[in-house]
Amino acid sequence: MNESSIYVHIPFCDHKCIYCDFYSIITSNNIDNFLQSLLKEIKFYSKSYADGRVFTTIFFGGGTPSLMKPEYIERIIFELKNNFNILSGAEITMETNPGTVDKEKLIQFFKSGINRLSIGIQSFHNDDLSFLTRIHNKETAIETVYNAIKAGFENINIDLIFNLPNQTKEKWKQNLETSLSLPVKHISAYSLILERGTILNKMVLDKKVSIREEDYDAELYEIAIDYLIAAGFRQYEVSNFAKPGFECRHNKSYWRYNEYLGFGPSAHSFVDGRRWWNYSSLKHYMKEIEANSQASCGDELLSEGQKLEEYIMLALRSYGLDLKDFMKRFGKKWFQKNQKYIQTLINANFIERNKDFIRLTRHGYPVCDEILRNLL
């Protein structure tokens, strides 16, 4: 059976952060109607894609899934298990924002079937949180982690953002030190990205905010690598660090180029070499579901060249390139063409090779994008 994954997009938020470009809406209208549309979409796709697949992970993203009532999430999990072959012990992750959950609500989420939390903390400095327009403060962030532990969660990730305006190296180190003092098994550290259409991007264009240069960004990134590796975390992807055994199985499924189904507005799916995506507008999404039981607004059939490039990009950014699997899929031509450059990278300690497996080193991750540009 093919190992596959499921993504569920919950679009509701109580506030739109200035840097976020994911589809979300600040309203409580249509929450119940959306649930009915989502359940209908799940049933529709189960008719075509349930057989021959075992789904090993489910990921609730958004938006802010933790705004929902636990029984709301439980209803979705029940429907997924009722329509698809969900692996016993599957990893089921929910994105969670501090300020939207208390201990009792986390207990109920745990009972509903969620077994992994990804908490969007971003910073432990209140001035940074205020700038990012987050609804929580440092104290709430820390309290949320401890409440999650008390609720029964062992598998907890926290998100951090570096290279924020006015973020000194000392402030970034303090964020990392606070993170390492908490009982978390996974840390995602992302550079602040200016996404088109966001409030933050307009602020930068209007020169109300300035972002530090790439060299400074790279220095903060390398500080994160040094701190987290020294604390026993393993870097298994450009932005992700985990204690052994706590790597995010859902993300690893993407990086291994496994198939996935996406439900909800703006969600993407990838099956049998075809990628398709849903309408982003919630109202349009629900209208299409009502009429057609699905809400796809576009699709593409990937060429062999696209598949090859995506496979290499995903593999090298994460766990590494399995040459045997790669050649089984795509043949030897690409590797033979790039063998000289790959050896140069090995000699420079940017890539390491163990038999038929090559992966970026601690020195290679910071220049990953440049390496991929040269290879692809």
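Let me begin with Cys248, which is buried at a relative accessible area of 1%; buried here means under 20% relative accessible area, with a 1.4 Å probe and protein chains only. Cys368 is likewise buried, at 3% relative accessibility. The sulfur of Cys368 lies 18 Å from the closest cysteine sulfur, that of Cys248, too far for a bond. The structure holds 0 disulfides, a disulfide being a pair of cysteine sulfur atoms within 2.5 Å.

A word on the basis. This is a predicted model, in which local features need pLDDT of at least 70 and side-chain atom pairs count only at pLDDT 80 or more, while totals for chains, interfaces and linings use all residues. Residues are numbered from 1 along each chain as its sequence is written, and side-chain values use heavy atoms, without hydrogens and water.

I turn now to two helices. The axes of α11 (residues 304-317) and α12 (residues 323-330) come within 11 Å and cross at roughly 170°. That makes α11 roughly antiparallel to α12, the term for angles over 145 degrees. On the α11 side, the contact (heavy atoms within 4.5 Å) is made by Glu304, Lys307, Leu308, Tyr311 and Ile312; α12 contributes Asp325, Phe326, Arg329 and Phe330.

Finally, the aromatic residues. The structure holds 23 aromatic pairs, with ring centres within 6.5 Å. The rings of Phe12 and Phe34 have centres 5.7 Å apart and planes at 80°, so this pair is edge-to-face, that is, over 60 degrees. Both residues, Phe12 and Phe34, are buried. Tyr311 and Phe330 also form an edge-to-face pair, with centres 5.6 Å apart and planes at 65°. Tyr311 and Phe330 belong to one aromatic cluster, whose members include Tyr254, Phe270 and Trp334.

Terms used
Axes fitted to C-alpha atoms, helices over the stretch in contact; angles between N-to-C directions. Helix = DSSP H or I, 4+ residues; strand = E, 2+ residues; numbered from the N terminus. Parallel < 35°, antiparallel > 145°, perpendicular 65-115°, else oblique. Buried < 20%, exposed > 50% of the residue type's maximum accessible area, 1.4 Å probe, protein only. Phe/Tyr/Trp six-rings, centres within 6.5 Å; stacked < 30°, edge-to-face > 60°.
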